[in-house]
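This report goes through the fold, the strand pairing, the salt bridges and the surface of one protein model. The sequence and the structure come before the text.

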Amino acid sequence: METPATAPPHRRAGSYIWRLLVLLAALAAAGYGWVMYTNVPPGGTVTAVKLTTKPGPVGQVREAYDTVKPTTPDLYLKLFVPGREIKTRTFNNQPIGNGVTWNLESPFNVLDIKKVQVWDDDTFGDSQLDNINMDGWVAEGQTFRIELQGTHPTPPDWALPLVAAGTTLALVVLLRLVWDQVL
């Protein structure tokens, strides 16, 4: 008598606890990397200040006024930081064009610069052209735009690779869990 062919025995389901632990660790690593990548502290070091005319009609009117006026302004800036006022060097007969940049003698924290004033150095008295309250790296006044230049804070170099590695590992574990359920 022949014995009937039997199917191979079903594989016994292994414990999924270790996979769930790996999944939780991978998601935690990806989440921690994402938090460190997106939560960059405010601040930075300012080494230069760039002055341009305000974009749009106001800037065009300012440029038209400068072309009609027979002389070009002798521009300088006053930076207001806590406890003192810093006057930059004067650019004599300097057209603004694409912008004028003042390199600072000593760097400042971007959060310390509260206000920037634009002045025209005249023989019989200086005249203030604009008063700009700073809140970050770029601000606009009535007719001018100020861009602070320097080093911005950056997220850690390891944050984005940690997000990628944690997400990849979590997806592999999830796919393996689904694969084991299907087969």
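Which residue in β8 does Lys50 stand opposite? In β8, Glu147 is the residue opposite Lys50.

## Model and conventions

The model is predicted, and local features need pLDDT of at least 70, side-chain atom pairs count only at pLDDT 80 or more, while totals for chains, interfaces and linings use all residues. Residues are numbered from 1 along each chain as its sequence is written, and side-chain values use heavy atoms, with hydrogens and water left out.

## Overall make-up

The protein has three helices and eight strands. Helices (H or I, at least four residues) and strands (E, at least two) are DSSP runs, numbered from the N terminus. Read from the N terminus on, the order of elements is α-β-α-β-β-β-β-β-β-β-α.

Of the 183 residues, 31% count as buried. Buried means under 20% relative accessible area, exposed means over 50%, and partly exposed lies in between (1.4 Å probe, protein chains only).

## The sheet β4-β1-β8-β7

Four strands form an open sheet in the order β4-β1-β8-β7, with antiparallel pairing. Two strands are taken to pair if DSSP finds at least two bridges between them. The edges are held by β4 (100-109) and β7, each with a single partner strand, so one side of each has no neighbour in the sheet. On average, neighbouring strands of this sheet are turned by 20° against each other, direction ignored. The axes behind such angles are lines fitted to C-alpha atoms, for helices over the stretch in contact, and angles run from 0 to 180 degrees between N-to-C directions.

Strand β1 (residues 45-53) and strand β8 (residues 144-151) run antiparallel and are joined by eight bridges. Thr52 stands opposite Arg145 in β8. Strand β7 (residues 138-140) is joined to β8 by three bridges, again antiparallel, and Glu140 has Arg145 as its bridge partner in β8. A hairpin through three residues connects β7 to β8.

## The sheet β3-β2-β5-β6

A further open sheet of four strands has the order β3-β2-β5-β6 and antiparallel pairing. Here β3 (84-87) and β6 (127-133) stand at the edges with a single partner strand each, so one side of each is left without a neighbour in the sheet. Neighbouring strands are turned by 20° against each other on average, direction ignored.

Six bridges pair strand β2 (residues 75-81) with strand β5 (residues 115-120) in the antiparallel sense; Leu77 has Val118 as its bridge partner in β5. Between β2 and β3 there are four bridges, also antiparallel, and Phe80 is partnered by Glu85 in β3. These two strands form a hairpin with two residues between them, and Gly83 in the turn has a positive phi of about 90°.

## Salt bridges

Side chains of opposite charge can pair when their charged atoms come close. A salt bridge is counted when a side-chain nitrogen of Lys or Arg is within 4 Å of a carboxyl oxygen of Asp or Glu. The whole structure holds three salt bridges.

Glu140, Arg145 and Glu147 are linked in a network of salt bridges. Arg145 meets Glu140 with the closest N and O atoms 3.2 Å apart, and meets Glu147 with the closest N and O atoms 3.4 Å apart. Arg145 is partly exposed because its relative accessible area is 23%. Glu147 at 23% and Glu140 at 40% also count as partly exposed. Elsewhere, Glu85 and Lys78 form a salt bridge at 3.6 Å, N to O. Glu85 is partly exposed at 44% relative accessibility, whereas Lys78 counts as buried at 16%.

## A buried aspartate

Asp130 lies in strand β6 and is buried, with a relative accessible area of 5%. A polar atom of the Asp130 side chain lies 3.1 Å from the backbone nitrogen of Gln142. The Asp130 side chain also reaches the backbone nitrogen of Phe144 at 2.9 Å. A polar contact is a pair of N or O atoms within 3.5 Å; within protein, one must be able to donate a hydrogen and the other to accept it, and residues adjacent in sequence count only if both atoms are side-chain atoms.

## A nonpolar surface patch

Ile17, Leu21 and Leu24 make a nonpolar surface patch of about 330 Å². Leu21 is found in helix α1 (residues 17-38) and counts as exposed at 55% relative accessibility. Patches are made of residues with over 30% relative accessible area and no salt bridge: like charges are joined within 9 Å, nonpolar side chains (Val, Leu, Ile, Met, Phe, Trp, Tyr) within 5 Å. Accessible areas come from the Shrake-Rupley method with a 1.4 Å probe; for residues, only the protein chains shown count as cover.
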